[in-house]
Amino acid sequence: TMKGLLIVTLAIFAAGVYAAPAISSEDQVHNYLVRFGYAAKDDLQNRASLSDAIKKLQKMANVPETGVIDEATIEFTKKPRCGVADYENGKQRYHAYKAWSKRDLTYSIGTGTSYITQKQYEDYFAAALGVWGPYGALSFTRVYNESEADIVSYFGSHNHGDGYPFDGPDGTLAHAFFPDDGDIHFDLSEKWDLEGKEGFYDFYSVAIHELGHSMGLGHSNVKEAIMYPAYMGGGRDRLHDDDYDGMMRLYYNR
């Protein structure tokens, strides 16, 4: 009937108005370049600057450095990852960025997520600290007042108070700050476990990575390294030689 046709037409029109527009692969890569420090927005309008930025991204991804947006580059930008930028003001943070000026650090742990117990959160976070400690002669003591902690850890979602909002499921999983801040935030919107089963993210592996930033390391382009920016699955619980070298540069070769 005419009435039924009108209802269907209005429904289709409404869906077209309110549906989020699909983002092109080119726009996705451009957004990634800006978000993670490879380029300023103005650089995207200059062919040479854009090509240089794409090559930087491809170097970090450890894919062929063609300077053009290809399938390997697009696939890398789709991977869940750490929210810490790979570049800052055009300067690569690879690999050793800044060390703590002291060796005895304190940390606090806030409320966790429903996917793992609070005790698991506390125990595995402490274990992740222990992965890094020996390589910087660092000790860690838990405190229960955030104002007394060198490293504050908690779960938050979207705008969670630090000026770096999370983007919902399957985007940026967590982020951290370099010394002398060191705080770490995990995205409450993600599904977490302690194994990295399909559909879940391994909290322990992500915590070790983020604590690398808290120790002063930037991202690495070595895919096997803890400090590779993209999430590569669970079970990454030992430092690669590349991570070790970064800690040696930070804490022993100053």
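So, Asp123: with a relative accessible area of 38%, Asp123 is partly exposed, where buried means under 20%, exposed means over 50% and partly exposed is what falls in between, using a 1.4 Å probe and protein chains only. Before I go on, this is a predicted model, where local features need pLDDT of at least 70 and side-chain atom pairs count only at pLDDT 80 or more, while totals for chains, interfaces and linings use all residues. Residues are numbered from 1 along each chain as its sequence is written, and side-chain values use heavy atoms, with hydrogens and water left out.

Which residue does Asp123 form a salt bridge with? That's Lys119, and the closest N and O atoms are 2.6 Å apart. By salt bridge I mean a side-chain nitrogen of Lys or Arg within 4 Å of a carboxyl oxygen of Asp or Glu. In general, side chains of opposite charge can pair when their charged atoms come close. Both Asp123 and Lys119 sit in helix α5, residues 118-132, and they are 4 residues apart, about one turn of the helix. Helices here are DSSP runs of H or I with at least four residues, strands are runs of E with at least two, and both are numbered from the N terminus. Lys119 is exposed, at 54% relative accessibility.

Now Glu122. Its side chain meets that of Arg142 in a salt bridge, 3.4 Å from N to O. Glu122 lies in helix α5 and Arg142 in strand β5, residues 139-142, so this pair ties together parts that are 20 residues apart in sequence. Glu122 is partly exposed, with a relative accessible area of 21%, and Arg142 is partly exposed too, at 23%.

How many salt bridges does the rule give? The count comes to 9. Another one joins the side chains of Glu195 and Lys197, at 3.9 Å, N to O. Asp193 comes in here as well: Asp193, Glu195 and Lys197 are linked in a network of salt bridges. Glu195 is exposed, at 56%, and Lys197 is partly exposed, at 44%.

On to the annotated site. An unreviewed UniProt entry has a "binding site" annotation covering His160, Asp162, His175 and His185. Those four span 26 residues in sequence, yet no two of their C-alpha atoms are more than 11.9 Å apart, so they gather at one spot. One caution on the record: its positions are in the numbering used here, feature names are shortened, and annotations may be inferred rather than shown by experiment.

Is Asp162 buried or exposed? It's buried, at 18% relative accessibility. You'll find Asp162 in the loop between β6 (151-156) and β7 (172-176). The Asp162 side chain has a polar contact of 3.1 Å with the side chain of His160, and another, of 2.7 Å, with the side chain of His175. A polar contact is a pair of N or O atoms within 3.5 Å; within protein, one must be able to donate a hydrogen and the other to accept it, and residues adjacent in sequence count only if both atoms are side-chain atoms.

Finally, His175 is in strand β7 and is buried, with a relative accessible area of 6%. Not counting residues up to four places away in sequence, His175 touches residues including His160, Asp162, His185 and Glu210, where contact means heavy atoms within 4.5 Å.
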